[in-house]
Amino acid sequence: MYEQERGEMIRAINEMRKEVGLEPFPLEQLESMDLEELRKLYSRYFELRKDFRKKSKEEKPMFRL
């Protein structure tokens, strides 16, 4: 269970980084972190992605001409 959660967390972090235009973390770096560190990192990137989406939505025109 622990390893499965770590793997899911690592994938999610790198997916969020890609979504906001960042390169994925090296796998070795993320695999060296314990689950608590990964959770904190995930939380930071979750907030970053939320802000990125909000900003992207604000920049889109509200109607087409």
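Glutamate 19 has 32% relative accessibility and therefore counts as partly exposed; buried means under 20% relative accessible area, exposed means over 50%, and partly exposed lies in between, with a 1.4 Å probe and protein chains only. This glutamate is found in helix α1, where helices are DSSP runs of H or I with at least four residues, numbered from the N terminus. The structure is a predicted model, in which local features need pLDDT of at least 70 and side-chain atom pairs count only at pLDDT 80 or more, while totals for chains, interfaces and linings use all residues. Residues are numbered from 1 along each chain as its sequence is written, and side-chain values use heavy atoms, with hydrogens and water left out.

Which residues does glutamate 19 touch, not counting residues up to four places away in sequence? They are Arg49, Phe52 and Arg53, with contact meaning heavy atoms within 4.5 Å. Glutamate 19 and arginine 49 are 30 residues apart in sequence, yet their C-alpha atoms are 7.4 Å apart in space. Arginine 49 sits in helix α3 and, at 17% relative accessibility, counts as buried. With neighbours within four places in sequence left aside, arginine 49 is in contact with Met16, Val20 and Glu19. Arginine 53 also belongs to helix α3, but its 44% relative accessibility makes it partly exposed. Between the C-alpha atoms of arginine 53 and glutamate 15, which are 38 residues apart along the chain, the separation is 14 Å.

The axes of α1 (residues 2-19) and α3 (residues 35-59) come within 9 Å and cross at roughly 30 degrees. Here, axes are lines fitted to C-alpha atoms, for helices over the stretch in contact, and angles run from 0 to 180 degrees between N-to-C directions. The two helices α1 and α3 are therefore roughly parallel to each other; angles under 35 degrees count as roughly parallel, those over 145 as roughly antiparallel, those from 65 to 115 as roughly perpendicular, and the rest as oblique. The crossing of α1 and α3 is left-handed, a term used if the near helix is turned anticlockwise from the far one by less than a right angle, with clockwise giving right-handed.

On the α1 side, the residues that meet α3 include Tyr2, Glu5, Arg6, Met9 and Ile10. Their partners in α3 include Leu35, Leu38, Arg39, Leu41 and Tyr42. By class, the contact of α1 with α3 has 13 nonpolar, seven charged and no polar residues.

The largest nonpolar core has ten residues: Met9, Ile10, Ile13, Met16, Phe25, Leu30, Met33, Leu38, Leu41 and Tyr45. Such a core is a set of buried Ala, Val, Leu, Ile, Met, Phe, Trp, Tyr and Cys residues joined through side-chain atoms within 4.5 Å. The elements that give two or more residues to this core are α1 and α3, and the largest share, four residues, comes from α1. Leucine 41 touches Ile13, Phe25, Leu30 and Met33, not counting residues up to four places away in sequence.

Two further residues complete the picture. Aspartate 34 lies in the loop between α2 (27-31) and α3 and counts as partly exposed at 36% relative accessibility. Lysine 40, in helix α3, counts as exposed at 52% relative accessibility.

Definitions and conventions
Nonpolar A, V, L, I, M, F, W, Y, C, P; charged D, E, K, R; others polar.
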